[in-house]
Amino acid sequence: MKLLLQCKIVFVSLLLVSGCASLTETQMKSISTFSHNYSKLALTPGNIIRSNIEVQYLDHRLTVNQDRLPDLDKIRNKACATGCDSLTEMYNELVEYKELQDAHVRAAQALDAILKPIENYIVLLGSVADTDYNEGLSENSQALASSLNAALSEIPQNITSAQNAINAGAAKTTAENVFMAKDDIAKASSYLGTITYWLGKAYVRQQQTKALKIAVTASDPAISTIIDDLVGILDIYTDEKSSIRTIAQYKKYKPIIKQITTEKTLKLRNTIGSAGLTESSYNEGLTSETEIKIKLAISEGVATKKALEAFKKAHNSLALSLQKDPSGENGKVKYADFLDSAQTMIEEMKEVREFQKKLEEALLKEKDKK
Amino acid sequence: MAGSERIKIMKVLTKIIDEIDELRENEDYDYPAKKNLNQCRQKLWIMHQSILSAELDERIAITKAKTKSLAKIAQDLKAADERLNGVAEKISQAAKAVDKLVEMTKKSVELAATVAKLATTLKT
């Protein structure tokens, strides 16, 4: 009785939900692919800030070598010991630059980190949209059908004696009842596996749709404003018309003065050289390598902006298609928009990846040179 | 300081820095004059970078706060994911239950067959 009740509860609940509107398998797969494509490429919007630091510091006499971070206090004390005020002043400036540099590096890391919660959410979205649940369901129902068939195949052998009884005209009613029971079980079993699979699948699909609808609808406004904020930050660095002196206006950077080549500077050079500091592009201005890196960083920033905007659009279309009946006409139109935007996102992301690769190569080349 | 004010100040500073850059290129200025210009430029640049840093910090903090709602949604999705896995498990259990049911029915049929056989024997 307990077993019968258990089966009954499961199948009745499956029947109740099977009629609700759900996403098709193709729609589920495309959401899963969307998630997979987004999470495959880690966007790094902070790169543009990092590159900006490099450009900004070209304007100045010294840049702290990030690979060999010096003990600035020691250097300052050494400078003070020489009694050279201007050197002390320069060291103080250096400390100030270093603090600013660090603040911008932290900002770059924080900007990259903002995308992490979005990534976590998208990965989970893909997990819920994944068709693996149904594959598991298929395995279960197949197991059920095969166990039913195995059990039923044994029944006729066991009732051969009952058949003999019927042939003998004896205990006809009892034997006929046995056959009737066998026939009923046979009929039920032939459909049971299929019913379990289809109802189970419909139930799971309906639950998946429900979970996705709730999550995508609730997260869409947040995703939209987060992306707008990120694009706004990237605009500071990539928009030449912003008139805020950043990497976007790198062409305005001119070689720094050549006049400070006095004895003091030579002394300073000797001191900083021994302390692990490097002179930046002193007297050089923009080198061709730096210019290449800047161009790549700006291109990466622009491509990242486009990829983020395409992602925002795709997510918004997905939310709208889920708010409508996904299988209805309006839902289908919005779903088609989602597919288009998701495709654009993939293309933009490929571009981002290309710039990232080139930038990495440029950095490696520079490292090898050093 | 509001974000828009920071941007305005940065724009003004940028303009001044650009003007200084042009003055620095003037051959008529002697070394002390250029040195002063440079010092002035350095100070302005530090101010510009500090304001930019503050602007970034504020914008990032605001955006970061917005991601908190996503964390809650992600939690709900995780729960839904676990629930769906639970559904598959329940169906598996149902399959096992039906399996047992079939086994019991099979035994009932066997019993009925034995009864029928017994009835035949008794009649003959």
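Q: In which helix does A:S51 have its place?
A: This is a predicted model, where local features need pLDDT of at least 70, side-chain atom pairs count only at pLDDT 80 or more, and totals for chains, interfaces and linings use all residues; side-chain values use heavy atoms, leaving out hydrogens and water. Residues are numbered from 1 along each chain as its sequence is written, while chains are lettered from A and ligands numbered from 1 in the order in which they are written. Helices are DSSP runs (H or I, at least four residues), numbered from the N terminus. By that rule, A:S51 sits in helix α3 of chain A.

Q: Is A:S51 buried or exposed?
A: Buried means under 20% relative accessible area, exposed over 50%, and partly exposed in between (1.4 Å probe, protein chains only). A:S51 has a relative accessible area of 11%, so this residue counts as buried.

Q: How many of the ten residues of helix α3 of chain A are buried?
A: The helix covers residues 47–56 and is mostly covered. Its buried residues include A:I48, A:I49, A:I53 and A:V55. The count of buried residues is eight.

Q: Which residues does A:S51 contact, leaving aside its neighbours within four places in sequence?
A: Contact means heavy atoms within 4.5 Å. With those neighbours left out, A:S51 touches A:I247 and A:A297.

Q: How do α3(A) and α10(A) run, roughly parallel or roughly antiparallel?
A: Axes are lines fitted to C-alpha atoms, for helices over the stretch in contact, and angles run from 0 to 180 degrees between N-to-C directions. The axes of α3(A) and α10(A) (residues 288–323) come within 9 Å and cross at roughly 150°. Angles over 145 degrees count as roughly antiparallel, under 35 as roughly parallel, 65 to 115 as roughly perpendicular and the rest as oblique. The two helices are therefore roughly antiparallel.

Q: How many nonpolar residues does the contact of α3(A) with α10(A) have?
A: Residues in this contact include A:N47, A:I48 and A:S51 of α3(A), and A:I294, A:A297 and A:I298 of α10(A). Ala, Val, Leu, Ile, Met, Phe, Trp, Tyr, Cys and Pro count as nonpolar, Asp, Glu, Lys and Arg as charged, and the others, Gly among them, as polar. The contact has four polar and three charged residues, and its nonpolar residues number five.

Q: Which residue forms a salt bridge with A:D235?
A: A salt bridge is a side-chain nitrogen of Lys or Arg within 4 Å of a carboxyl oxygen of Asp or Glu. Here the closest N and O atoms are 2.6 Å apart. The pair links helix α8 (residues 172–238) to helix α10, 70 residues apart. The partner of A:D235 is A:K305.

Q: Is A:K305 buried or exposed?
A: A:D235 is partly exposed, at 28% relative accessible area. A:K305 has 15% relative accessibility, so this residue counts as buried.

Q: What is the N to O distance in the salt bridge of B:R59 and B:E55?
A: Both residues lie in helix α2 (residues 31–123) of chain B, four residues apart, about one turn of the helix. An α-helix has 3.6 residues a turn, so residues three or four places apart point the same way. The side chains of B:R59 and B:E55 meet at 2.8 Å.

Q: Which residues are linked with B:R59 and B:E55 in a network of salt bridges?
A: B:R59 is partly exposed at 24%, whereas B:E55 is buried at 3%. Their network also takes in B:R6 and B:E58.
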